[in-house]
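Take a look at the model below. Keep it in view as you read, and find each residue as it comes up.

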Amino acid sequence: MSASRPAAVIVLAAGEGTRMKSRTAKVLHELCGRTMLGHVLTAAAELDPERLIVVVGHRREQVIAHLEQGWPKAEVVVQERQGGTGHAVRTVLEQVGELRGTVVVTNGDHPLLRGATLAAMVRTHEEEGNAATVLTTEIPDPTGYGRILRAPDGSLAAIVEHKDATEEQRAVREINVGMYAFDGTLLGGALKRVTTDNAGGEEYLTDVVAILRGDGHRAGAHLTPDWVETQGVNDRVQLARARRQLNDRLLEAHMRAGVTIVDPATTWVDVDVTIEPDVEVHPGTQLRGRTHLAEGARVGPGCTLTDTRVGADATVVNAVCVEAEIGPEASVGPYAYLRPGTRLARKAKAGTYVEMKNAQVGEGSKVPHLTYVGDAEIGEGSNIGASTVFVNYDGVKKHRTVVGDHARVGSDTMLVAPVTIGDGAYTAAGSVIVQDVPPGAMAVARGRQRNVEGWVERRRPGTAAAEAARRAKERSAAEEKGGDA
């Protein structure tokens, strides 16, 4: 039996998160390319709920802006006063009205939670006919957590807080995760009966479970085997731990799908990264955003790729690439920087210490080393010599350079845009090109060399250079004299 579509999923995201010690709202801290809240909403969306409701409070402006950008269909409920989990859900019902059907309550600071786990809880809830179902897990060290006590028939008998538990109860390793499925029709009435008669002076959802059970309704518990995914994040130490755990999960999935990750300990991927089989990812590589690696590509070591597409059998080594497209069998690096708008065609090359921005490089063309290519189009089969600069900025506007097919740009050439180098044209090394070069022409734009004899000895007397020049002249004179003899 598959779980039905919940009437609502309520995500609690109003907490202050003081232990994060941050100007950023706790649930907006990121791991693996998505905020904690984003991970929870993604899991919740897998249930396809009729309504997705987020309770906000502390730094609500930040959270609301985040929702408007990435989750515009989510409904926002403001909890003006953080009065506990029960108070948060009661605030929701007061603002949106009764929710008929299954209502799921989860937390915005549990980024490792899988949608499949929530769906399994809903399925248990409905199959058992429960009024309330608690998500539970067995944890190695349950200290501090509420213990789950079950009745002989397996239903939930009670949730006992650690401080109130007996030694026998403290030996129980099954704990309350803090996520629930409720019968929406019964939920509203039970919430109205929750009191603040506790040490924290707050309204708790655990009391709702007790109230429903006291009314004769069945309460249940769904045990999930993976305790790691149930862990919340309260400080940056836990955030780093969750990031590592999620990254390990993502890497394992890629490896089982046929990707070689040489060193998982130093490889980081975001959740939206896609990798095809037979890709090799080498140590020290970060794959961010919606980066895609096609079959047979080799990336790393030492690469950071953001929203970049790498073609089949391409090679990227020690490079930073942002919003770039690297064609099949192309080569990038080492120590290359591809900025947004860079497009390398099949078998193109951006080599050592090459920077490109808003540049298209044609099939088989090479930019081997020490070159800046900005706002440019390079045709097929062309070669750009070392230390060439595409001078694209005049101090006010950016201008474009076009290099044709099978052209040869000499080393240390300045191409002052806007300028066009025709098909099959050459430029002489050291030239400053300010005019178009016709197809098949050789452009030479440099002064004639003039040697001023004896300048160093006259202008820099007593220096090591002057002494070296003097000795060289003496050796040359002696060789000439010996030859005459």
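What follows is a short walk through a few places in this chain. The model is predicted.

Start with helix H4. This helix runs over residues 115–127 and has 13 residues. Its end C-alpha atoms are 18 Å apart. At 1.5 Å a residue the helix should span 18 Å, so the two values agree. Gly115, Thr117, Leu118, Ala120, Met121, Val122, Thr124 and His125 are buried. What lies over them? The cover includes helix H1 (36–45) and strand S6 (102–107). Strands S7 (132–138), S10 (174–183) and S11 (219–223) are also among the covering elements. Just after H4 comes Gly129, with a positive phi of about 65°.

Now step back to the loop between S6 and H4, where Asp109 sits. UniProt, in an unreviewed entry, lists Asp109 and Asn234 under "binding site". The two are spread over 126 residues of sequence, yet they cluster in space, with a largest C-alpha distance of 7.6 Å. Asp109 has a relative accessible area of 15%. The cut-off for buried is under 20%, so Asp109 counts as buried. Leaving out residues up to four places away in sequence, Asp109 touches Lys26, Val27, Met36, Gln231, Gly232, Val233 and Asn234.

Asn234 lies in the loop between S11 and helix H8 (236–256). Is Asn234 buried or partly exposed? Its relative accessible area is 23%, so it is partly exposed. Beyond its neighbours within four places in sequence, Asn234 is in contact with Arg19, Met20, Lys26 and Asp109. With Lys26 there is a polar contact between side chains, at 3.0 Å.

Move along to Thr308. This residue is in the loop between strand S19 (304–306) and strand S20 (309–310). Its relative accessible area is 0%, so Thr308 is buried. Which residues surround it? Setting aside neighbours within four places in sequence, Thr308 is in contact with Thr291, His292, Cys321, Val322, Glu323, Ala324 and Ile326.

Asp313 is partly exposed, because its relative accessibility is 48%. Pro328 is 15 residues away along the chain, but the C-alpha atoms of Asp313 and Pro328 are separated by 5.8 Å. Not counting residues up to four places away in sequence, Asp313 touches Glu295, Gly296, Ala297 and Glu329.

End with a second set of annotated residues. In an unreviewed entry, UniProt's "binding site" annotation covers Ala386, Asn392, Tyr393, Ser411, Ala429 and Arg446. Take Asn392, in the loop between strand S30 (389–391) and strand S31 (401–403). At 8% relative accessibility, Asn392 is buried. Its contacts, other than with residues up to four places away in sequence, include Lys357, Tyr372, Gly374 and Asp375. The side chains of Asn392 and Asp375 are joined by a polar contact of 2.6 Å.

Arg446 is in the loop between strand S37 (442–443) and helix H9 (455–459). Apart from neighbours within four places in sequence, Arg446 is in contact with Ala428, Ala429 and Gly430. A polar atom of its side chain lies 2.3 Å from the backbone oxygen of Ala429.

Notes. Residues are numbered from 1 along each chain as its sequence is written. This is a predicted model: local features need pLDDT of at least 70, side-chain atom pairs count only at pLDDT 80 or more; totals for chains, interfaces and linings use all residues. Side-chain values use heavy atoms; hydrogens and water are left out. Helices (H or I, at least four residues) and strands (E, at least two) are DSSP runs, numbered from the N terminus. Buried means under 20% relative accessible area, exposed over 50%, partly exposed in between (1.4 Å probe, protein chains only). Contact means heavy atoms within 4.5 Å. UniProt positions are given in the numbering used here, feature names are shortened, and annotations may be inferred rather than shown by experiment. A polar contact is a pair of N or O atoms within 3.5 Å; within protein, one must be able to donate a hydrogen and the other to accept it, and residues adjacent in sequence count only if both atoms are side-chain atoms. The expected span of a helix is 1.5 Å times one less than its number of residues.
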